[in-house]
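Hello,

Here is the structure I said I would pass on. Please open it and keep it beside this message while you read.

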Amino acid sequence: MVMLGMKLGGDVPFQKVYLHPMIRDAHGRKMSKSLGNVVDPIEVICGITLEGLHKRLEEGNLDLTELKVAKEGQKKDFPNGIPECGADALRFALVSYTAQSDKINLDIQRVVGYRQWCNKLWNAVRFAMTKLNDNYTPPKTIDPKNMPFSCQWILSVLTKATSKTISSLNSYEFSDASSAVYSWWQFQLCDIFIEVIKPYFFGDDAASKAYAQDTLWVCLDTGLRLLHPFMPFVTEELWQRLPSPKHCEREKSIMICEYPSVVESWRNEKIEYEMEVVESAVKSLRSIRANFPAQERNERRAGFAVSRNEQTTELLRRHEMEVSTLANLSSFTVLSENDAAPAGCAVSVVNQSLSVYLKLQGSIDVKKEREKLNAKLTELQKQKDSLNKAMSAKGYEEKVPEHIKEENMAKLTMLMQQLMSCEEATQHFEREVASKAEI
């Protein structure tokens, strides 16, 4: 290629060469015809039955003994054959594997997982198309300053994901780049933003609905362009379905669109911190719900939060709608430290300054709940004892740098607060169990 480039074009065709690790089977073995573990990319893209895999072996030049061993290997690794995964899923899996040093242990199930993730992308765009009607016109520019909280947040984390992706691509860290794009799509756009904006489309606030539409369009357009190098086919198909801006002529293909760039005005660390607090409360409420009987887990219940500092109290009161929506609550009430803990509830300690409660309507597994609280108490006590031991070691005061001492003291204070919160939660739980026993 280099010689032909110089002969025909007058210059070398490329300046840099990226050498990827050797691709092996899921067990780390080098692919070999005699082992029957050779994976043809076309068979992953299009799918193949076990019988088809066997037939390919039979058409080769293996002797009967090797053929028997190879067939047994295929039967063990691919008992149901290889499902159709598509080129995008295979491409994304191989890119994500490049974090491994000198070899890629290719597990077909990981490729299947990315094929299923492609379905999630389709669902996200399908949801958008129901909210962006035929009369919708995408915005020329977007300013998050006056937008709802969730819209400001998704734009901030989008520009952060864009920055991470670009820097990783520039340094040839392709796995980090794919991970940044995947995390934004999966955990921030699909799991949080799309869920939290649904009330805007059913409410009477026209301004919030318009902001949600604009933000959704910008996120999908930018997110698809960001993902395009990793999944060219599905992103092209989905991008073509998005409404086109009326103020300018859109490119004919996503392939020739400008790649996303970082928009510094979208960054908002304060908003991101607030969403972290919201997420932590939601995760704890969901963990309580997971302990309910299966038939009760989808019921909408009243939720509560008891905050031990004014900042967290005010923050959660501003975002009651987001917590209620993401945790599937009938209502969400934030109480201060001086308020009595709500009765008839299961409890979970979020951190040293926050506990959440979920109303009980039926029975709860007392043994399981008690074990969970005791396990958390034990773990916190273990961490506290370990830190105390390190801080009381001989020579600690003289040898340890001052900033490390300050960090350790802050950790110890936090652990002690968490222990107090967990003990309060345990006492609350035992009171609830005792009161139910009396009834």
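This is a predicted model: local features need pLDDT of at least 70, side-chain atom pairs count only at pLDDT 80 or more; totals for chains, interfaces and linings use all residues.

Start with R110, which lies over the face of Y97, with 4.2 Å to the ring centre.

Next, the aromatic rings. The count of aromatic pairs in the model comes to 12. One of them is formed by W117 and Y182: the centres are 4.6 Å apart, the planes make an angle of 40 degrees, and the pair is classed as tilted. W117 belongs to helix α6 (residues 108-131) and Y182 to helix α8 (residues 174-196), so this pair ties together parts that are 65 residues apart in sequence. Is W117 buried or exposed? W117 has a relative accessible area of 4%, which is under the 20% cut-off, so W117 is buried. Y182 has a relative accessible area of 23% and is partly exposed.

Y182 also pairs with F187. Their ring centres are 6.1 Å apart and their planes stand at 75 degrees; angles over 60 count as edge-to-face, so that is the class of this pair. F187 is partly exposed, with a relative accessible area of 43%. W117, Y182 and F187 are members of one aromatic cluster, together with F92, Y114 and F230.

Now turn to the sheet. In general, the strands of a sheet pair through backbone hydrogen bonds, and the pairing can be parallel or antiparallel. Here, four strands make an open sheet in the order β4-β3-β6-β5, and the pairing is mixed. Which strands are at the edges? They are β4 (329-335) and β5 (345-351), each of which pairs on one side only. From one strand to the next, the twist averages 20 degrees.

For a closer look at one pairing, take β5 and β6. Strand β6 covers residues 354-359, runs antiparallel to β5 and is joined to β5 by six bridges. As an example, A346 has L358 in β6 as its bridge partner.

Last, find the helix that goes with this sheet. Helix α13 (residues 310-318) lies across β3 (301-307), β4 and β6. Relative to β4, helix α13 runs at about 155 degrees.

Regards

Methods: Residues are numbered from 1 along each chain as its sequence is written. Side-chain values use heavy atoms; hydrogens and water are left out. Two strands pair if DSSP finds at least two bridges between them. Helices (H or I, at least four residues) and strands (E, at least two) are DSSP runs, numbered from the N terminus. Axes are lines fitted to C-alpha atoms, for helices over the stretch in contact, and angles run from 0 to 180 degrees between N-to-C directions. Contact means heavy atoms within 4.5 Å. Rings of Phe, Tyr and Trp (its six-membered ring) pair if their centres lie within 6.5 Å; planes under 30 degrees apart count as stacked, over 60 as edge-to-face and the rest as tilted. Buried means under 20% relative accessible area, exposed over 50%, partly exposed in between (1.4 Å probe, protein chains only). A charge sits over a ring if NZ of Lys or CZ of Arg is within 6 Å of the ring centre and within 35 degrees of the ring normal.
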